[in-house]
Amino acid sequence: MSEAVRTRRAAAAKRRPKSPTAPPTSFVWTRRVLLTLLTLFTATPLYVMLSSSLKPLQDVTGAFRWIPSTLTVRPYIDIWHTVPLGRYFLNSLIVASSATGCSVAVAVFAAYAVSRYRFRGRRAFTVTVLSTQMFPGILFLLPLFLIFVNLGNLTGLALYGSRGGLILTYMTFTLPLSVWMLAGYFDSVPRDLDEAAQMDGCGPLGALLRVVVPAALPGIVAVAVYSFMTAWSEVLFASVMTNDVTRTLSIGLQGYATQNEVYWNQVMAASLVVSVPIVAGFLLLQRYLVAGLTAGAVK
Amino acid sequence: MSATTGTHRPCPYGRSAPDARAPGADPGGGGERPQPVRTRPRFAERLRRGGVPYLLLFPALVLELLIHIAPMVIGVVMSFKQLVQQYIRDWGAAPWSGLDNFRVAVDFDAPVGQALLRSFGITCAFTVLAVALNWLLGVTAAILMQDRFRGRGVLRALFLTPYALPVYTAVITWSFMLQHDNGLVNHVLHDQLGLTGSRSFWLVGGNSFVSLVVVSVWRTWPFAFLMLTAALQNIPQDVYEAAQVDGAGVWGRIRHITLPALRPVNQVLVLVLFLWTFNDFNVPYVLFGKSAPEAADLISIHIYQSSFVTWNFGSGSAMSVLLLLFLLVVTAGYLLVTGRGGRREADV
């Protein structure tokens, strides 16, 4: 929610505290009941994740317990030995941050072109790029798999099974939405600003880097978070394009389940460790993400 | 620097201003603009300016071509080839097979076609159910949380958390909850409430469809909530105040102002949800592992399995192409019916 709307509403609420605008009781009770149900639905798995990660093993192998018999941080220590979680973590970190960095850099230039110029092929570009979003991932998977394998055979360039191949794939997959969102942010930067910069002798590039990018920085950060989340969570391509050395978290976490006995407390602990940075980043930046996502839709 | 640009000063400004300020006036970007005097520097300037957007787009274009467009074309080519395991490392040598792959895929009397058709039916049922529930939960929560109340911010953060979680951690947690012996769902339904005679299996058999829908909705409805919340903030407050003056109650306002105002967002949202849900691979793959139960055999998983189990990429590609054609037809039909096609492109 934008700050302006928030303060306006707060002011409005203050002006007429018990006016006829106060919702009727029927509405308030409907709201209470429905939101409570939704809260239970949403929060239960989160509670399970948190509480189970602090349980000793016998609590998660027998019948389910709402309350742990004892609290232990043992699972958080053991997760690093049961599977090579540290390596998976590092792989995911390398892949996701490289893909994010490259994707944002490429998207900034493309979005500037889309936002500021009217050129031949502009509509074709945006429509094509956005429509790739609707295509099933499985459609790209088989050909990309073949391309990477055969390129490797031809040139000795190891794309299949390497982090490079995965980075290349992820950065392209987040590119369309990044361009779309960034173009929306750039549209909201007044044109007068970069026109003034161009008049003062900056080229288009200077205007972009010195004026538009700083002004749209929150948007760029939001796009980066989106890209990072996408790369961090991707399963389909990671499942075929990685090997034991380059395996990322999305596939690596399933390693706990293939043991003879599933250490559910460790699985939950590992899930939590993997999720916390992403969730924190998302919740901090969600308002910028929303502004970008809806820019095109509600215009 | 300032001296040279000084002479050209009116040029870039004057030229970019009219077309930049009037989007849609000349979307093709053609060049019929009045140009009273054509001098050499002006022409060079125009060339330079004309090339700039293409230069800016170049890296994005290359990547899109390499990772999106080329594989798509290759995928279509592959679907006409007999691309079995022995040709994977040298796919140029695979013999052409014409429409054989497609014929097998849509031969609904043979096992392959039958399985594909069944998987397609399951995917359709799953998509309709999941999209409807996602939208319903999203719109309910968004409208109920439109007005301020204590704890709204906390609740909003909580509701968004499932969407922010990496898919696999969310789904792994659910698969723990759905375990037969030590899961929460059976504990509540059987041990605590006594609703079921015995503990049910949730990850195999017919129940797996229900599990799939629930997990998918749990993860995706926050997105609908997010989009609709943003859309609600764009409804001007004075519209509500005017309705207030006219004596409309809170339910009347929801029906006559809020829901109609959400129409444009709903149209985009439902389409996006449809495409994501129909193509979903992550949730079933993590929930069921490599072999999805029959009742929850979504089309992406089906194609993935039949491709990597048999290593028959030709047939897998043919199925992917059929899937793409179906999605194209549905999307085009949807955009036509909702009358959004033209406007959307203008917005882009």
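The structure is a predicted model, in which local features need pLDDT of at least 70 and side-chain atom pairs count only at pLDDT 80 or more, while totals for chains, interfaces and linings use all residues. Residues are numbered from 1 along each chain as its sequence is written, and chains are lettered from A and ligands numbered from 1 in the order in which they are written.

The model scores ipTM 0.82 and pTM 0.81. For chain B the mean pLDDT is 80, with 83% of its residues at 70 or more. Chain A averages a pLDDT of 82, and 87% of its residues score at least 70. Among the elements of chain A, the lowest mean pLDDT, 58, belongs to helix α1 (residues 3-15), and the highest, 92, to helix α2 (residues 25-53).

Chain A contains 14 helices and 0 strands, where helices (H or I, at least four residues) and strands (E, at least two) are DSSP runs, numbered from the N terminus. Of the 299 residues of chain A, 48% count as buried. A residue is buried if 20 or more other C-beta atoms lie within 10 Å of its own, exposed if 12 or fewer, and partly exposed in between, with C-beta atoms placed from the backbone. Of the contacts in chain A with a separation of 6 or more, 74% are accounted for by residues 24 or more positions apart. Chain B has 16 helices and 0 strands, and 36% of its 348 residues count as buried. In chain B, 66% of the contacts between residues at least 6 apart in sequence join residues at least 24 apart.

The two chains touch each other through 98 residues of chain A and 96 residues of chain B. On the side of chain A that touches chain B, helix α14 (residues 264-298) of chain A gives the most, with 17 residues. This side of chain A is made up of 66 nonpolar, 22 polar and 10 charged residues. In this classification, Ala, Val, Leu, Ile, Met, Phe, Trp, Tyr, Cys and Pro count as nonpolar, Asp, Glu, Lys and Arg as charged, and the others, Gly among them, as polar.

Within chain A, the axes of helix α9 (residues 191-199) and helix α10 (residues 204-215) come within 9 Å and cross at roughly 145°. Axes are lines fitted to C-alpha atoms, for helices over the stretch in contact, and angles run from 0 to 180 degrees between N-to-C directions. The crossing of α9(A) past α10(A) is right-handed; a crossing is left-handed if the near helix is turned anticlockwise from the far one by less than a right angle, and right-handed if clockwise. Residues making the contact include A:Leu193 and A:Ala197 of α9(A), and A:Arg210 and A:Val211 of α10(A). The residues of this contact divide into 7 nonpolar, 2 polar and 2 charged.

Helix α11 (residues 217-233) of chain A has 17 residues and should span 24 Å at 1.5 Å a residue, which agrees with the 24 Å between its end C-alpha atoms; the expected span is 1.5 Å times one less than the number of residues. Of the 17 residues of α11(A), 14 are buried.

A:Ala96 is located in helix α5 of chain A and is buried, because 24 other C-beta atoms lie within 10 Å. Not counting residues up to four places away in sequence, A:Ala96 touches A:Phe228, A:Ala231 and A:Trp232. The C-alpha atoms of A:Ala96 and A:Phe228 are separated by 5.4 Å, although the two residues are 132 apart along the chain. A:Ser115 lies in helix α5 (residues 85-116) of chain A and counts as buried, with 23 C-beta neighbours inside 10 Å. Beyond its neighbours within four places in sequence, A:Ser115 is in contact with A:Ala183, A:Phe186 and A:Asp187.

In chain B, B:Phe108 is found in the loop between α4 (100-105) and α5 (111-144). B:Phe108 counts as exposed, because 12 C-beta neighbours lie inside 10 Å.

Conventions:
Two residues are in contact if their C-beta atoms, placed from the backbone, lie within 7 Å. pLDDT is the predictor's confidence in each residue, from 0 to 100.
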